[in-house]
Amino acid sequence: MAAPPMTLQRTPFYFLHQQNGARLVDFAGWEMPVQFEGVMAEHRAVRERAGLFDISHMGQLWVTGPGARNTLDRMVTNDIVSLAPNRGVYALLCREDGGVVDDLYVYCLGPERFLVVVNASRVDADIAWMRERLGPDTELEEQPQRAALALQGPASAGLVAGLSQELVSLAKNGVVEVPLLGFEMVAARTGYTGEDGFEFFGPAGHVHKIFEYLVKKGKDAGLVHVGLGARDTLRLEMGYSLYGHELDETHSPLQAGLGWAVKLNKPFFVGQETLRKEKSAGVARRLVALRLTDRGVPRQNCPIQFNGQSVGAVTSGTFSPSLNVGIALGYVDSRLAPKDAAGVWSVVVHGRAVPAEPVVLPFYRKQRG
Amino acid sequence: MDPQQLRFTTSHEWIAPDGTVGISDHAQHEITDVVFVELPKSGRAVKAQEPCAVVESVKAAFDIYAPVAGTIAAVNEETAKNPALVNQHPYGAGWLYKMTMASPADREKLMTHEGYQTFLKSATH
């Protein structure tokens with residue numbers, strides 16, 4: 001039987017994207033801009049000035065009530081019990097077997113009030129998974145008419161200064177629920193680019209005002225619209241995982257190198273027992289970061305070789321606009337390519353083994369001075 | 001090069017009367033920022049429509065086909081060093097390689113610039 005025709009969802013900024021010359025693509029069932037002016041130019045603008053991203057496709061789940069904190073702590077890998085109000089933390093939802101259901105951000109807006117921001121492609125899976133495991137006195141609801149923006153880049157703080165001083169004084173991973181331009185919304189000092197920046201979450205009408213404000217305010221500062229293309233190159237230069245590439249239900253957070261977000265010593269979370277065992281036995285495969293030392297652009301599924309032997313495959317690869325070389329993340333067999341073992345790495349691109357070197361993430365570090 | 005002098009393929013390559021090959025302005029626009037170009041070796045014999053070069057953007061790799069049969073006579077090392085030339089000058093400095101055509105008459109069978117423009121309209125609407 002043929003699948004019913006799929007209607008792509010559109011964000012509240014869809015028509016503005018069209019006016020701004022976006023090239024639109026299907027991403028996780030959403031019609032999203034992949035680029036405006038061009039991936040390279042947008043990437044550089046974020047590293048040097050500022051860029052505005054429509055992230056309205058991402059899921060916004062409110063977990064509230066007297067049991068909310070405990071419920072979340074038992075669901076996700078990171079420590080939610082000691083998450084202070086006005087702070088956010090990165091965490092993962094795991095299955096009992098340690099496979100990753102999703103990776104997400106948990107923001108604490110009050111003792112009984114949490115905003116969980118999840119991947120667009122996983123909203124339904126996450127909600128189903130969370131509903132099954134909701135503890136007592138806990139409510140879960142989607143933000144109605146959700147919209148979200150990310151403002152990223154070194155000029156970001158200057159651009160939001162006029163909205164509220166509270167924003168400027170936020171620390172990294174800080175979050176506030178605050179009226180901006182007269183409309184209540186959530187603003188966090190977080191992002192997916194490695195640059196300073198802010199993310200705004202709330203109902204479409206409210207976030208729309210922020211969009212207009214920032215576009216106007218950003219004109220002189222060189223603010224540009226940024227699509228998913230540059231969002232991907234920016235996150236990959238930082239070595240951030242992307243669900244569906246580095247993360248899925250067949251890989252564990254320990255294999256993905258996300259052990260720092262997994263608190264094996266807290267009382268309980270789903271998957272904890274499996275992950276404890278995996279930790280003591282050692283991971284069967286591990287994520288490596290490789291930078292090509294010769295010309296070539298690694299892509300997903302390109303074979304990774306260690307001492308001439310195929311040991312794994314690329315999960316995300318691209319040309320790094322900041323470093324001007326090919327960069328890749330991929331899983332390798334821990335037995336065939338043991339951690340810290342010396343040897344020769346390469347990535348097979350168009351049938352040619354291109355020499356590469358392992359990198360301690362991130363690939364890109366900001367120049368200081 | 002004057003696009004009027006070029007002949008075009010349905011896979012968006014162009015070939016000049018002297019055998020120089022590149023990709024069309026439409027193709028470079030669709031590919032977006034070219035960040036990598038892999039060129040064939042000089043002396044390689046190629047059949048018509050045989051993949052013999054790769055042009056890559058940040059997002060994807062695109063095979064470039066030989067417009068006609070012949071032998072690769074020269075490649076543009078400047079484009080390999082500075083792939084953005086393909087975007088900046090698709091009909092000039094951004095050429096990819098030059099071939100000795102097995103039969104120059106093969107080139108005449110390809111689309112003229114005008115024919116290619118008509119083809120683009122029919123293909124996109």
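Q: How many of the residues of helix H2 of chain A are buried?
A: Helix H2 (residues 39-48) of chain A has seven of its 10 residues buried, so it is largely enclosed by the rest of the structure. Buried means under 20% relative accessible area, exposed means over 50%, and partly exposed is in between (1.4 Å probe, protein chains only). Helices (H or I, at least four residues) and strands (E, at least two) are DSSP runs, numbered from the N terminus.

Q: Which residues of H2(A) are the buried ones?
A: They are Val39(A), Met40(A), Glu42(A), His43(A), Ala45(A), Val46(A) and Arg47(A). Arg47(A) is also linked with Glu195(A), Glu237(A) and Lys366(A) in a network of salt bridges. A salt bridge is a side-chain nitrogen of Lys or Arg within 4 Å of a carboxyl oxygen of Asp or Glu.

Q: Before going on, what kind of model is this, and how are the labels assigned?
A: This is a predicted model, in which local features need pLDDT of at least 70, side-chain atom pairs count only at pLDDT 80 or more, and totals for chains, interfaces and linings use all residues. Residues are numbered from 1 along each chain as its sequence is written, chains are lettered from A and ligands numbered from 1 in the order in which they are written, and side-chain values use heavy atoms, with hydrogens and water left out.

Q: What does Arg95(A) meet in a salt bridge?
A: The side chain of Arg95(A) meets that of Asp97(A) at 2.6 Å, N to O, and that of Glu249(A) at 3.0 Å, N to O. The pair with Glu249(A) links distant parts of the chain, 154 residues apart: Arg95(A) is in the loop between strand S5 (87-94) and strand S6 (100-110) of chain A, and Glu249(A) is in the loop between helix H8 (228-238) and helix H9 (272-281) of chain A.

Q: Are these side chains buried, partly exposed or exposed?
A: Arg95(A) counts as partly exposed at 28% relative accessibility. Asp97(A) is partly exposed at 43%, and Glu249(A) is partly exposed at 30%.

Q: And what about Arg335(A) and Asp333(A)?
A: Their side chains meet in a salt bridge at 3.6 Å, N to O. Arg335(A) counts as exposed, with 67% relative accessibility, whereas Asp333(A) counts as partly exposed, with 22%.

Q: Changing topic, how many aromatic pairs are there over all chains?
A: There are 12 aromatic pairs over all chains. Rings of Phe, Tyr and Trp (its six-membered ring) pair if their centres lie within 6.5 Å; planes under 30 degrees apart count as stacked, over 60 as edge-to-face and the rest as tilted.

Q: Is the pair of Phe13(A) and Phe211(A) stacked or edge-to-face?
A: Phe13(A) and Phe211(A) are stacked, at 4.7 Å centre to centre with 20° between the planes. Phe13(A) lies in the segment before helix H1 (14-19) of chain A and Phe211(A) in helix H7 (residues 204-218) of chain A, so the pair ties together parts that are 198 residues apart in sequence. Phe13(A) is buried at 0% relative accessible area, and Phe211(A) counts as buried at 4%.

Q: How are the rings of Phe8(B) and Tyr91(B) arranged?
A: Their centres are 6.1 Å apart and their planes are at 90°, so the pair is edge-to-face. It links distant parts of the chain, 83 residues apart, with Phe8(B) in strand S1 (residues 7-8) of chain B and Tyr91(B) in the loop between helix H3 (85-88) and strand S9 (97-101) of chain B. Phe8(B) is buried, with a relative accessible area of 1%, and Tyr91(B) is buried, with 14%.

Q: Which residues form an aromatic cluster?
A: Tyr90(A), Tyr105(A), Tyr107(A), Phe201(A) and Trp260(A) form one.

Q: Now the backbone: which peptide bond is cis?
A: The bond from Leu361(A) to Pro362(A) is cis, with omega near 5°. Pro362(A) is found in the segment after strand S19 (352-358) of chain A. Most residues other than glycine have a negative phi, and most peptide bonds are trans.

Q: What is the phi of Ala28(A), and where does it lie?
A: Ala28(A) has a positive phi of about 50° although it is not a glycine, and it lies in the loop between strand S1 (23-27) and strand S2 (30-35) of chain A.
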